[in-house]
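I opened this notebook to keep track of what I looked up, going from the whole chain down to single residues.

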Amino acid sequence: MPIAQPSLQQQVQSLYSEHHGWLLGWLRKKLSCPHGAADVAQDTFVRIIASRDALFGMREPRAYLSTTAKRLLLDRARRQILERSYLAELALLADSLPGAPSPDEILMAVQALGQIATALDGLSSKAREAFLLHYLEEQSQATVAAQLNVSTRMVQKYLVQALLACRHACPAMAA
């Protein structure tokens, strides 16, 4: 009578339940960070499960797990070095640009844009469209009127409505 082979799901479950605690402890010692260790341990099992062939005939699961985890740690370290280099270059570039906005200025601009968006949401669709076409796409009032199928005078009224709504929503803009 042939010996029944365990299913893939049973093999994965067995590998995980028997070795996850050991791998997590090993990674905690290496990383000194329980969250990073948990992430790498999870990624290790995902990598092994994704390469299903690895589960068949695995004689030394801990050696296989540790080798896979080491490779993931190297990938992670390379990614972190690249990320730090990129952020350092970005910071250097931002500092060297004349007139680059400060973080406070960026925050104020984002908040003002949010207030303007809220103000525009309270307008009719044609008034909002007129504002966006004229001020963002720099179209003339006559071009906006043709697109909206209204008179130029109506476009002017829409723009006044929009500007008043923005002024009301953003009192700092009035100054």
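What share of the 175 residues of the protein counts as buried? I found that 26% of the 175 residues count as buried, where buried stands for under 20% relative accessible area, exposed for over 50% and partly exposed for what lies in between, with a 1.4 Å probe and protein chains only.

**Ground rules.** I am reading a predicted model, in which local features need pLDDT of at least 70 and side-chain atom pairs count only at pLDDT 80 or more, while totals for chains, interfaces and linings use all residues. I number residues from 1 along each chain as its sequence is written, and side-chain values use heavy atoms, with hydrogens and water left out.

**Whole protein.** I looked up the elements and noted seven helices and zero strands, so that the order from the N terminus on reads α-α-α-α-α-α-α; helices (H or I, at least four residues) and strands (E, at least two) are DSSP runs, numbered from the N terminus. For the overall extent I wrote down a radius of gyration of 30 Å, whereas a compact globule of 175 residues would have one near 16 Å; the radius is taken over C-alpha atoms, and the globule rule is 2.2 Å times the number of residues to the power 0.38. Along the principal axes, the C-alpha atoms fill a box of roughly 90 × 50 × 25 Å.

I then turned to contacts, meaning heavy atoms within 4.5 Å. Among those between residues at least 6 apart in sequence, 57% join residues at least 24 apart. The accessible surface of the protein comes to about 12600 Å², and 58% of this belongs to carbon and sulfur atoms; the areas come from the Shrake-Rupley method with a 1.4 Å probe, and for residues only the protein chains shown count as cover.

**Helix 3.** I followed helix 3 through residues 61-96, which makes 36 residues, and its first and last C-alpha atoms are 52 Å apart, close to the 52 Å expected at 1.5 Å a residue; the expected span is 1.5 Å times one less than the number of residues. Which residues of helix 3 are buried? I listed P61, L65, S66, T68, A69, L72 and L73. Their cover includes helix 1 (8-31) and helix 2 (34-50). An α-helix has 3.6 residues a turn, so residues three or four places apart point the same way.

I also stopped at R62, which lies in helix 3 and is partly exposed, with a relative accessible area of 38%. Leaving aside neighbours within four places in sequence, R62 is in contact with E18, H19 and W22. From R62 to D95 I noted 48 Å, C-alpha to C-alpha, for 33 residues of sequence.

How far apart are the C-alpha atoms of Q9 and I49, 40 residues apart along the chain? I noted 9.6 Å for this pair; Q9 itself is in helix 1 and is exposed, with a relative accessible area of 63%. S17 also lies in helix 1 and is exposed at 58% relative accessible area, but the C-alpha atoms of S17 and I116, 99 residues apart along the chain, are separated by 55 Å. In the loop between helix 1 and helix 2 I came to S32, which has a positive phi of about 55 degrees although it is not a glycine, and which counts as exposed at 66% relative accessibility.

**Between helix 5 and helix 6.** I ended with two residues of the loop between helix 5 (125-136) and helix 6 (141-148), one of them Q139 and the other E138. Is Q139 buried or exposed? Q139 is buried, because its relative accessible area is 18%, and, apart from neighbours within four places in sequence, Q139 is in contact with L133, H134, V144 and Q147. E138, in contrast, is exposed at 69%, and E138 has a positive phi of about 55 degrees although it is not a glycine.
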